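Subject: The two-chain model, with notes

Hi,

Here is the structure I promised to send over. Please have it open while you read, as my notes go through it piece by piece.

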Amino acid sequence: MASFERPSLNVNMRTWVAMGFCAACLFVLALRLWHLQIINGHVFRDRSENNRLRMVYVPPPRGLILDRNGEVLVRNRPSFNVDFVTEDSPNPEQTVRALAEITGQPADDLLEKLTRQGKRRMYEPKLLLRDVSRDLVAKIAAQRYRLPGVIVSVVPARDYIHGDLAAHAIGYIREISGEQLKNPLYAGYRMGDVIGQYGIEARYERYLQGERGSQAVIVNAAGNKIGEAYSHLALPGSDVLLTIDRRLQEVADRALTGKKGAVVAMDPNTGDILAMAAAPRFAPSIFTTEVSKETWADLVDAKGNKLTNRVTQGVYPPGSVFKIFVAAAALSEGVVTPHERFFCPGYTLFGTRKFRCHKHSGHCSVDLFEAIVQSCDVYFYTVGQRLGVDRIYQYAHDLFEFGEPTGLGIGDESSGLIPSTAWKAKYFRNPEDKKWYPGETLPVSIGQGAITTTPLQIVRGLSAVVNGGVVVKPRIVRKVVTSDGRLLEETPATPEVVRKLDLDPEILDKLKRSMVGVVEDKRGTGHRAALPEVHGISVGGKTGTAQVASRESGIKDEDHAWFAGYAPADNPKIVVAALVENGGHGGAEAAPIAQDVLAAFFGIPDPPPEEAAPRKKKPTPVVEASDD
Amino acid sequence: MTSLDKRVFAHFDWGLAFFTLLVPLFGLVVLFSAGYDAEGTVNLFGLVNVNFPSAACLKQGVYLMVGLIVMCIGIAIPTHTFYRYSFFLYGVALVLLVAVAGVGVVVNGSRRWLDLGGFNLQPSEFMKLGLIVTMARVLSKRPPRDGRSYRFSELLVPGLFIVIPMVLIARQPDLGTALSLGIVGVGQILFVGVRRKTLLAIVIAVLALAYPAWEMLHDYQQRRILVLLDPESDPKGSGYHITQSKIAVGSGELFGKGYRQGTQTQLEFLPEHTTDFVFSVLAEEWGFVGCLFLLGLFFGLFVSMLRIASRTRDLFSCLLAFGFTVQIFAHVVINIGMVIGLMPVVGIPLPLISYGGSSMLSILFGLGIVQGVSMRRLQYRPS
């Protein structure tokens, strides 16, 4: 095609022109550079030396944590940090030693902190002391001349209004660790950032944190601020509203004072956790300053780790509380009818072995109702044998979800264990041990032996019995709201259903009536959970006294005391489980705790101690306050 | 079919390849310093975390490798394919530009990006390629009737091809890209030739249109041009960039403050010092000597490209090579001119140096096409 010939176009000449033009342009650029860098270079060099920018990061106020009614549980308060700008000190080490002298801190500790942040740029403030007192701030200010480069910054710190209230649920915040910094989950965080490390603080870190602001301050060579270049405002974190009720939580926390154990209350219809208390507790505020070795030792004491959330992480044999679920299995499977009677002589013989009832004199003739009310072990030994361990497993694990974490989402949850022939075959190595012996079924029928659960699982299981057979997933957060009032997340009014149980409503009714009997019948083991009669709220529940086997030591520890109950009996609004480690009898130790929580829930004032009116029509003998 | 046979490799332009590699490698060295953050861990595209003190440098390294693959694709595509699909490319780019005006993503107040589920596409980047190819086709298909230079009537159609995308891009608003697009198109026309009278008429017409065009500019664009004339008048606003950048460049003096010793950049006086203002990092830390070195490298690159253009046997290939030369050249001059206060701050990256994936890929693709033109210069005969 002719158009592609280019006879008349002198391309060579044109490219030469282009090259010339190109060279000319670059020459102009070079000329300008010459002017800037060579002719006026020293002027700009001077200006650049007096031109220093200090990036100051402004930590965002963390989101609040509130209870279900919007009452603030955790807020922020101004706190003072002592930072150090290495660049501004002629002799950093000397300055730090002077600071150490003033604060009474070992100088080596401070220097070590400085080296740890050594990668940070010279002009960037490095954190030396967190949350210091006003007195110390005043001392530092007074000795400024000795402390070049030391600056005091005001940053928000956590203010735990109610002290250690719901410590395990709320959790704590602490400086991000080196390991966490390397984790992609924490991309965007910087050394020295404070993040949620436990509980809600950790789980909702993403919402609570907010966005860091920054301020570029222009300082002269002496380090004095001469202007501001640009700045980004910090964005406060979002607020998290819990399902926890502050009043109820306080009662639960108080009830465990001086004890080891757990109390958890849940709305059986929604799965809302109303209170979650574990003892011993820690005070989240200890993490705002440096945690000393002594404090750590106290926290993770081998005798009772204060950081353990016993509601979700503590595993205990459920004891007689488990009988409710064995009864549900037995009735559903038709191995027993509600009216069938058994004779309890105080023990049962299995081969040559004698399995005792907790009442050594025996309960005489008992039907299902009486067996639950009086917590007759012999009745359940028999029923358990008729069921066999695998059917117990099927109901407890496959239906009521025992032995499975609830998915509450705060911290690592323990799963507990429901034994079965399959479990034993898998768990043990020795062929002898792999076999399930029928005799092992007996303790399992009364919630003893290898079986363990967490208090939260008990509450979930019992809720399913009393709410008409729905296993709900417990939840602890109601909603998340941004600082400017935008709703980010809200749990619906309907619960998250794990499973709808296909159980006969009549069977559930029978169990509920029996549990009311436990509290209200004159022979009942759990009458100390009853609310004063005048209020007309009847309570149902089941006691448990779990033996603590300690084979190694041979010493028999005190039993774990359990009570799991609900109210009002006809239309349950709350399910509560109380556990006292090595507390003794469930009816005597755990039931009163549950009663406190229920009374608080229904707004029933504590009766004055001296007027402690008899709760029952007839005072019951103390002996009967025991079970197992 | 045999577009890459043995003879083709005989015309591989080693000079072009040399500068194509050297410039971005030097860029990586500069970026290492510009993006330095001792504490930084780099999250590579959401896949892995790497401990590396300069995110910009590491990512740019990855972009460079991908870019080299893209360049090989540019080399492998036969030149006549570009000829054949030039209008198609232009059309697609135009549709995308219209689409971006409607449903584009707004970033920093301008609507430049199309969100294609996961990655963002900048249609103006496409248009750069589309325009170069289309202009090469239009001009080579219709050379000046007198065989020497265009008259006014012959320029109407090519002019329209330039103006339509320019207007669309200027309205995003992305003045810098619109401007560079215009320069490329006009450059290609001028390369072929325009009658002196016609040229004069056009220049006068453009000057006459300048006032209404000025009125059409956004406030911030007007301000940027005004600030160029007197940057000190607004040291914290629009003038901040230019003032700080000039301090950075000037304080470099003859030999610079030393690698990673630039206080202006290391102290974060300069926002965007890894992208549009990367040249000031170089100037501050390497001084006049370093600047001349980079200018020299670019000059070498341009000379290689122009030499390829001059050795072609057909006008299409020639204009293709020349078009890409003008594109890179315009970017270099505008960017450096902006950094040293000779031109308004228009937000154009420094080719092959500034941090950024799309610019790197599109420039390397263009360089691949030019290399392809060189390799096929004896073989190519459009049908």
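**Confidence**

Please keep in mind that this is a predicted model. For the complex, the predictor reports an ipTM of 0.91 and a pTM of 0.64. The average pLDDT of chain B is 85, and 88% of its residues score at least 70. Within chain B, helix 12 has the highest confidence, with a mean of 95, while strand 5 (residues 119-121) has the lowest, at 66. Where pLDDT is low, the predicted coordinates should not be read in detail.

**The two chains**

Chain A has 628 residues, of which 43% are buried. Its secondary structure consists of 21 helices and 23 strands. Taking the contacts in chain A with a separation of 6 or more, 73% are between residues 24 or more positions apart.

Chain B has 383 residues, and 52% of them are buried. Here the secondary structure is made of 14 helices and five strands. For chain B, 70% of the contacts with a separation of 6 or more join residues 24 or more positions apart.

**Where the chains meet**

How many residues of chain B are in contact with chain A? There are 50 of them, and they touch 44 residues of chain A. Several elements of chain B supply at least two residues each to this side: strand 1 (41-44), helix 5 (123-141), helix 7 (175-192), helix 10 (238-251), helix 11 (263-266), helix 12 (278-311) and helix 13 (315-339). Helix 12 of chain B gives the most, with 12 residues. Sorted by class, the side of chain B that touches chain A holds 29 nonpolar, 13 polar and eight charged residues. Helix 12 is also the element of chain B with the highest confidence.

In chain B, have a look at helix 3 (residues 55-76). It has 22 residues and reaches 32 Å from its first C-alpha to its last, close to the 32 Å expected at 1.5 Å a residue. Among its buried residues are B:Ala56, B:Lys59, B:Gln60, B:Tyr63, B:Gly67, B:Val70, B:Met71 and B:Gly74. Seen down the axis of helix 3 of chain B, the buried residues fall within an arc of 150°, so they line one face of the helix. An α-helix has 3.6 residues a turn, so residues three or four places apart point the same way. On the other side of helix 3 of chain B, you will find B:Met65 and B:Ile69 exposed.

Helix 21 of chain A is followed by A:Gly603, which has a positive phi near 70°.

**Backbone details in chain A**

There are two cis peptide bonds to point out. One runs from A:Ala279 to A:Pro280, with omega near 0°. A:Pro280 sits in the loop between strand 12 (273-279) and helix 11 (293-299) of chain A. Another runs from A:Ala567 to A:Pro568, with omega near -15°. A:Pro568 belongs to the loop between strand 22 (560-567) and strand 23 (574-580) of chain A.

Positive phi values are worth a look too. A:Ser375 is not a glycine, yet its phi is positive, about 55°. A:Ser375 lies in the loop between helix 13 (368-373) and helix 14 (377-387) of chain A. Is A:Ser375 buried or exposed? It is buried, because 32 other C-beta atoms lie within 10 Å and 20 or more are enough for that label. A:Glu401, also a residue other than glycine, has a positive phi near 65°. Its place is the loop between helix 15 (389-399) and helix 16 (421-427) of chain A. A:Glu401 counts as buried, with 21 C-beta neighbours inside 10 Å.

Lastly, A:Arg144 is in the loop between helix 5 (134-142) and strand 5 (150-160) of chain A. With 11 C-beta neighbours inside 10 Å, A:Arg144 counts as exposed. The C-alpha atoms of A:Arg144 and A:Leu99 are separated by 9.8 Å, and the two residues are 45 apart along the chain.

How values were computed. Residues numbered from 1 in each chain as written. Chains lettered and ligands numbered in written order. Predicted model: local features only at pLDDT ≥ 70, side-chain atom pairs only at ≥ 80, totals over all residues. Helix = DSSP H or I, 4+ residues; strand = E, 2+ residues; numbered from the N terminus. Buried ≥ 20, exposed ≤ 12 C-beta atoms within 10 Å, placed from the backbone. Contact = placed C-beta atoms within 7 Å. Nonpolar A, V, L, I, M, F, W, Y, C, P; charged D, E, K, R; others polar. pLDDT = per-residue confidence, 0-100. Expected span 1.5 Å × (residues − 1). Arc of directions from axis to C-beta.
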